[in-house]
Amino acid sequence: MRVDVVSIFPEYFTPLDLSLVGRARANGVLRLAVHDLRSWTHDVHRTVDDTPYGGGPGMVMRPEPWGDALDALAPAELTPGGLSPDGLAPDGLAPDGLAPDGLAPDGLAPDGLAPDGLAPDGLAPDGLAPDGLALPRLLVPSPAGEPFTQAMAHELAGESHLLFACGRYEGIDQRVLDHAATRMRVTEVSLGDYVLFGGEVAVLVILEAVTRLLPGVLGNAGSLDEESHAHGLLEAPMYTKPAAWRGHEVPEVLRSGDHGRIARWRRDEALARTATRRPDMFAALDPASLDKRDRAALDRAGFQAPPGHVAK
Ligand code: 6GU
């Protein structure tokens, strides 16, 4: 996977040399390049921000350096239909005579694709330009983005090229994202309901979550299947030697060697933990995924299983 990151603080990304992400880079599984946004400024002060239109506190990142950065890292040659960087042919129409958004007047052809075979976002369904070259998927960390989840990590792990745009201050001028969306897939993504100074730490988080899903990065792919969030449940607690430590003992069942009992115990713990700690995940469980023994375990833990069909 190729990854480009643009930031005014490239030094934030030095930890990506370490540990398993560092090894994925050394192996060539992850081809990561970090770029200083200021290298696309042209004034002596290398200005990247200005005051917000409409007033208010803080500063907004100006569009020009971002536009040049994205042009360099997602070249117009990769744009579907070979559009100029502004997404339009010189006459102001897309080359196929469609409106600038690339859609017929009703927006879509009868098959739901634009007449040029492109999806409504103007891209081929697989995100490839018509010549088969991959366009990057642009990811913009923002507290106003869509929540980053394990499901999104899996989705991103299937991409061939990610491009991260790290905003600082009050964010990036919206037109940068709107323009980028005329030629590539753009996703604003949030880590959660709190505010960071900028997107850099979010990129570290997202890249770590994605890199460990890339083929060949984790020695034991089975552990991916059992971990928290793999099946909408939190993982049961884990223990290692010694069997007794500071008066705390490892649960007897885990030392029993009875694999059936161990699996049942882990499932019970996962259910009880999820119900206690993550009522949102618990409520979202498919009732059909809970069998009689699951329901009995939840009952013992004092929880009501979500109503619905009771699987055997
Ligand atoms: Cl992705 N960026 C920023 N700046 N703040 C955040 C965030 C991202 N996710 C939660 N808070």
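Mentor: The account below begins with the chain and then turns to the ligand. This is a predicted model, in which local features need pLDDT of at least 70, side-chain atom pairs count only at pLDDT 80 or more, and totals for chains, interfaces and linings use all residues. Residues are numbered from 1 along each chain as its sequence is written.

The protein chain has nine helices and nine strands; these are DSSP runs numbered from the N terminus, helices being H or I with at least four residues and strands E with at least two. Of its 312 residues, 26% count as buried, a term that requires 20 or more other C-beta atoms within 10 Å of the residue's own, with C-beta atoms placed from the backbone.

Around the ligand there are 14 residues, of which Pro141, Pro143, Leu191, Leu196 and Ala202 come nearest. A residue is near a molecule if its C-beta atom, placed from the backbone, lies within 6 Å of it. Two or more residues of this shell are given by strand 5 (137–147) and by strand 7 (186–190). Strand 5 gives the most, with four residues.

Conventions: A residue is buried if 20 or more other C-beta atoms lie within 10 Å of its own, exposed if 12 or fewer, and partly exposed in between; C-beta atoms are placed from the backbone.
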